[in-house]
Amino acid sequence: MSTRQTPTGEAIVPKFESEYDVLLLLLPLPLMLGVVGAVLTSVPVAVGAGVGGLPSAALLAYGLFVKPPMPDRLGRRG
C-alpha cells in the first residue's frame, strides 16, 4: 500500500552539487537572450540565435576541454 504525502508548502530549492550543475544551468541562457533580443528588435531571429549561440558554445567548450569533468572534481571517488 502506498502512502500519500501532503505538500508542506516549502519552496523547492535547487541544490548544486558541483560547478558543472551551474554550467548546465547557464548553457541555454545566452541563446535565449539572443533569440529574445532578436524578437524585440529588428534583427532577424536567425542572427540573434547565431550570436547568442556563440557564448553558449564557448561555455560548452570550457566545460568539456578547459576544465573537463573528472571523478575527483565531482566529489566522487573513481
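This report describes the helices of the structure above, the contacts between them and the exposure of selected residues.

The structure is a predicted model, in which local features need pLDDT of at least 70 and side-chain atom pairs count only at pLDDT 80 or more, while totals for chains, interfaces and linings use all residues. Residues are numbered from 1 along each chain as its sequence is written, and side-chain values use heavy atoms, with hydrogens and water left out.

**Overall arrangement**

The protein chain has three helices and zero strands. Its pattern along the sequence reads α-α-α. Helices (H or I, at least four residues) and strands (E, at least two) are DSSP runs, numbered from the N terminus. Of the 78 residues of the protein chain, 14% count as buried; buried means under 20% relative accessible area, exposed over 50%, and partly exposed in between (1.4 Å probe, protein chains only). Contact means heavy atoms within 4.5 Å. Among contacts between residues at least 6 apart in sequence, 47% join residues at least 24 apart.

**Helix 2 and helix 3**

The axes of helix 2 (residues 28-40) and helix 3 (residues 45-66) come within 7 Å and cross at roughly 165°. Axes are lines fitted to C-alpha atoms, for helices over the stretch in contact, and angles run from 0 to 180 degrees between N-to-C directions. Helix 2 and helix 3 are therefore roughly antiparallel to each other. For such angles, under 35 degrees counts as roughly parallel, over 145 as roughly antiparallel, 65 to 115 as roughly perpendicular and the rest as oblique. The crossing of helix 2 past helix 3 is right-handed; a crossing is right-handed if the near helix is turned clockwise from the far one by less than a right angle, and left-handed if anticlockwise.

On the side of helix 2, the contact is made by Pro 30, Leu 31, Gly 34, Val 35, Ala 38 and Val 39, which meet Val 45, Gly 48, Ala 49, Gly 52, Gly 53, Pro 55, Ser 56 and Leu 59 in helix 3. The residues of this contact divide into nine nonpolar, five polar and no charged. Ala, Val, Leu, Ile, Met, Phe, Trp, Tyr, Cys and Pro count as nonpolar, Asp, Glu, Lys and Arg as charged, and the others, Gly among them, as polar.

Ser 56 in helix 3 is buried. Leaving aside its neighbours within four places in sequence, Ser 56 is in contact with Leu 27, Pro 30 and Leu 31. Leu 54, also placed in helix 3, counts as exposed. Leu 54 and Gly 34 are 20 residues apart in sequence and 9.8 Å apart in space, C-alpha to C-alpha.

**Helix 1 and helix 2**

Helix 1 and helix 2 pack at an angle of about 15°, with their axes 5 Å apart. That angle makes helix 1 roughly parallel to helix 2. Leu 24, Leu 25 and Leu 26 of helix 1 form the contact with Pro 28, Leu 29 and Pro 30 of helix 2. The residues of this contact divide into six nonpolar, no polar and no charged.

Asp 21 is placed in helix 1. Apart from its neighbours within four places in sequence, Asp 21 is in contact with Lys 15 and Phe 16.

**The salt bridge**

The count comes to one salt bridge, defined as a side-chain nitrogen of Lys or Arg within 4 Å of a carboxyl oxygen of Asp or Glu. The side chains of Lys 67 and Glu 19 meet in this salt bridge (3.1 Å, N to O). Lys 67 lies in the segment after helix 3 and Glu 19 in helix 1 (residues 19-26), so the pair ties together parts that are 48 residues apart in sequence.

**Exposure of selected residues**

| Residue | Relative accessibility | Class |
|---|---|---|
| Glu 19 | 40% | partly exposed |
| Asp 21 | 28% | partly exposed |
| Leu 54 | 60% | exposed |
| Ser 56 | 11% | buried |
| Lys 67 | 28% | partly exposed |
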